[in-house]
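My notes follow, in the order I looked things up.

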Amino acid sequence: MFKKTIAAAALVAMPFGAALADKDIGCGVGTIIWEGQSGVAPKVLGATTNGTFGNQTFGISTGSLGCSADGAITVDGRTSMFTSTNMDQLAAEIAAGEGETLDTLATLYKIEGADREAFAAMAQSNYGAIFSSTEVTVADVLAGLESAMQRHQTLARYV
């Protein structure tokens, strides 16, 4: 029965194209189901639904479910998807000033190895601005991080 519900939602959503894609969780049935709701819980549920059922692949392939079949993958898109998937781990590692997930984020920003330590230290010292509330979104985290990078003498060139 659940598969039929997902299939019906997919057919209903096909005409909407990219209009429903969410910048934090992307496109898919989860985005459609929790459309218009805000907060961490609907975002997590939407992202989990999109990822668990593999419906983003279907949506991208068919241009449905709020997805688009055209366009290029951007650094913004990769960092946003990565941050969305790893938000809790990033929060812990930014607070600690080190970690594999934080290093991977630095890689997505194309930060050279020589500047990775500065990136981790900068993120740690700006933790309060990056994770400004319990309701922080992926877009908020990345905006806070990039703002701090712009103010940093060495890291400004990566933004």
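**Helix 6 against helix 7**

I started with helix 6 (residues 87-96) and helix 7 (residues 100-108): they pack at an angle of about 100°, with axes 8 Å apart. The axes are lines fitted to C-alpha atoms over the stretch in contact, and the angles run from 0 to 180 degrees between N-to-C directions. Helices here are DSSP runs (H or I, at least four residues; strands are E, at least two), numbered from the N terminus. Helix 6 and helix 7 are therefore roughly perpendicular to each other, the label for 65 to 115 degrees (under 35 is roughly parallel, over 145 roughly antiparallel, the rest oblique).

Which residues meet there? On the helix 6 side I found Q89, L90, E93 and I94, and they meet E100, T101, L102 and L105 in helix 7; contact means heavy atoms within 4.5 Å. The residues of this contact split into four nonpolar, two polar and two charged. In that scheme Ala, Val, Leu, Ile, Met, Phe, Trp, Tyr, Cys and Pro are nonpolar, Asp, Glu, Lys and Arg are charged, and the others, Gly among them, are polar.

I then checked burial in helix 6: M87, L90, A91, E93 and I94 are buried. Buried means under 20% relative accessible area, exposed over 50%, and partly exposed in between (1.4 Å probe, protein chains only). Just after helix 6, G97 has a positive phi of about 80°.

**K110**

K110 lies in the loop between helix 7 and helix 8 (116-125). Its phi is near 60°, positive in a residue other than glycine. Most residues other than glycine have a negative phi. Is K110 buried or exposed? K110 is exposed, at a relative accessible area of 57%.

**Whole chain and confidence**

I counted 10 helices and zero strands in the protein chain. Of its 159 residues, 36% count as buried. Among contacts with a separation of 6 or more, 56% join residues 24 or more positions apart.

This is a predicted model, so local features need pLDDT of at least 70 and side-chain atom pairs count only at 80 or more, while totals for chains, interfaces and linings use all residues. Residues are numbered from 1 along each chain as its sequence is written, and side-chain values use heavy atoms, with hydrogens and water left out.

Mean pLDDT (the predictor's confidence in each residue, from 0 to 100) is 77 for the chain, and 68% of residues reach 70 or more. Confidence is lowest in helix 1 (residues 2-13), at a mean of 43, and highest in helix 8, at 97.
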